[in-house]
Structure formats: C-alpha cells, structure tokens
Amino acid sequence: MSKRKRPNFLDLPAKYSNPASARYGVLPVPYEGTVSYGTGTAEGPAAIIDASAAVELFDEELKAEFFHAGVATYPPVAPRRTPAAQMKAVYAAAAAIVGEGKFLLGLGGEHSVTAPMVQAVIEKHGPVSVLQIDAHADLRDSYEGSKHSHASVMRRVMEMTPRICQVGIRSLSREEFEQCPAEAANFITPAIIHSDPRWIERALALLGPKVYVTIDIDGLDPAFAPGTGTPEPGGLNWFQITALLREVCTHRQVLAADVVEVAPLEGNPVTEFVAARLAYKLIAYTSLHGH
C-alpha cells in the first residue's frame with residue numbers, strides 16, 4: 001500500500017481546504033472490487049493527491065489561479081466487502097458533500113464508483129446528463145456476474161438518466177453494440193474526432209443544461225496516461241480533452257465530476273499527474289464560468 005503523503009488535493013493550506021467554506025469537495029474512492037485486467041486502481045486516489053502537490057496553481061491557459069474558492073478533501077471511502085455495499089457507501093459520502101451545496105469531485109478507484117455519485121447529484125439537483133470520456137463503452141448489463149462492475153457503470157447511469165454523451169469510445173463488445181444501438185450510434189469516437197472539426201458541437205448537442213462529467217483516464221491515449229488497467233490505443237490527447245472540457249463547462253452547468261481508473265506505475269508518475277491536472281482544470285473551468 002502506498003503511504004499517503006499529502007493531506008489534501010493541491011496541498012492547500014487550511015484557509016483554502018476547510019470543508020466548512022470550500023466550494024469544491026474532493027472525494028477519494030480507493031476501490032478496485034471488480035477490475036478485470038490490470039490492477040492498482042485502489043492506489044489511484046492517494047497517488048493523484050500526492051501528484052497534485054506538484055501542480056502549478058497558476059493556470060497557464062486561463063492566466064489565473066483557481067483554488068481560492070476552496071478545495072476540501074474528504075476522508076477516503078473505505079472499501080467494503082461487496083460491490084453493492086461499496087456503492088451504498090460511495091453514495092452516502094457523495095450525498096453528504098452534494099448536500100452541502102459543494103461541487104463534488106470524485107477520485108477513483110475503478111469506474112463503477114461513478115454511478116452512486118451520479119445518483120447523489122440527481123437527487124440534489126434534478127435531471128442531469130452525463131459526459132463520459134472513456135476508451136470503453138461500459139454498457140454491459142452485467143460483467144463477470146456483477147451489475148456493479150466497472151464494465152457496467154454506464155448501464156447503471158442510464159437507469160437514472162437517458163442523456164449520455166460518450167467520447168473517445170474505441171472498445172466495446174457485441175452485446176453492448178446490439179443492446180444499446182442508440183448509444184452506439186452516438187459515440188464520438190477518436191475517428192470522428194480526427195475527421196469532424198465540429199465534434200465538440202456534436203458532444204454538446206447530446207448534453208442537457210446540467211451535466212456530470214466522468215473521465216476514465218484511459219480515454220486519453222496510453223502514450224499520455226499509461227497507468228491504467230485497460231489501456232487502449234488511439235485515444236485523445238491533452239489538447240482535445242481540455243478543449244472539450246472547457247467548452248462543456250462554458251456552455252453547460254457542470255455540477256460534479258470524477259476522474260477514475262488511475263492505476264499508478266512504479267517509477268512513472270505521469271498518469272496520476274495528468275489526472276491531477278485534469279481535476280484542477282475542471283475546477284478552473286467551472287470557476288471561470290461561475291455556474
């Protein structure tokens with residue numbers, strides 16, 4: 001097990017990391033109960049928080065700092081014995097943060113933890129649509145006997161909201177293709193990103209006014225984020241993913257987000273640093289537009 005060296009995301013002083021006043025609530029979920037290929041996602045949240053201490057607080061793109069609204073880091077959700085129990089625990093922790101009026105920023109852990117966080121946001125804010133950046137469709141009804149599998153998370157999300165936008169998808173099963181034809185038809189694949197200059201507009205058209213953003217780190221090409229359990233070639237680059245996030249945060253009310261599936265590699269901190277930067281970009285973009 002890695003030793004968590006940093007007390008909070010971005011290593012902020014107490015003035016800016018106090019849960020009583022912070023606008024953003026970071027929820028670490030070190031869980032990997034249903035991983036199916038590479039392991040290590042349980043180490044992801046602590047690694048992201050450690051790496052975030054090296055993230056420059058001045059955003060070079062926006063020419064400003066964005067931590068002043070306050071970024072509180074909550075205690076990690078302890079792993080439970082079963083996936084169903086884990087989802088209940090994640091929901092309870094997320095609902096507490098959302099209930100305080102904060103922007104929920106989850107750090108995974110495997111992707112299954114997104115569904116209970118979406119549930120907490122919907123119960124607080126009403127209908128939301130979900131932007132998923134991911135290599136995999138995650139639309140199986142169940143996988144390896146579990147409806148709470150990371151491979152089924154978007155099927156669980158679809159039970160809560162019909163509006164999803166899936167970007168970066170480049171791996172899916174026959175089952176997903178046949179059972180979810182409407183969703184498959186709307187995938188914004190890397191091939192579309194490369195061929196259609198209006199791909200971000202296509203993404204926005206699939207999203208309603210209120211949005212939850214889930215970023216599976218394998219949505220990025222593994223050249224940029226190798227530390228993940230199921231890397232797939234042909235993913236997004238940094239400029240594509242940040243351009244998409246900025247436009248969505250500009251034109252929609254983004255209420256919560258997560259960054260999941262970081263599995264740290266010994267001696268190669270690239271992936272957790274990229275994840276930390278993406279998390280801070282979400283803080284920056286949502287702060288900038290004041291939704």
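Which residues are buried in α4? Hi everyone, let me start there.

This is a predicted model, where local features need pLDDT of at least 70, side-chain atom pairs count only at pLDDT 80 or more, and totals for chains, interfaces and linings use all residues. Residues are numbered from 1 along each chain as its sequence is written, and side-chain values use heavy atoms, leaving out hydrogens and water.

So, α4: the buried residues there are Thr114, Ala115, Pro116, Met117, Val118, Ala120, Val121 and Ile122. Buried means under 20% relative accessible area, with exposed over 50% and partly exposed in between, using a 1.4 Å probe and protein chains only. Helices (H or I, at least four residues) and strands (E, at least two) are DSSP runs, numbered from the N terminus. Helix α4 covers residues 114-125, and its 12 residues reach 16 Å from first C-alpha to last, close to the expected 16 Å; that expectation is 1.5 Å times one less than the number of residues. Just after α4, Gly126 has a positive phi of about 85°.

Now the aromatics. Searching the whole structure gives two aromatic pairs. Rings of Phe, Tyr and Trp (its six-membered ring) pair if their centres lie within 6.5 Å; planes under 30 degrees apart are stacked, over 60 edge-to-face, and the rest tilted.

Tyr16 and Phe67 are edge-to-face, at 4.9 Å centre to centre and 90° between planes. Tyr16 sits in helix α1 and Phe67 in the loop between β3 and β4, 51 residues apart. Tyr16 is buried at 17% relative accessibility, and Phe67 at 9%.

Tyr24 and Phe103 make a tilted pair, because their planes are at 50°, with centres 5.2 Å apart. Tyr24 is in strand β1 and Phe103 in strand β5, so this pair ties together parts 79 residues apart in sequence.
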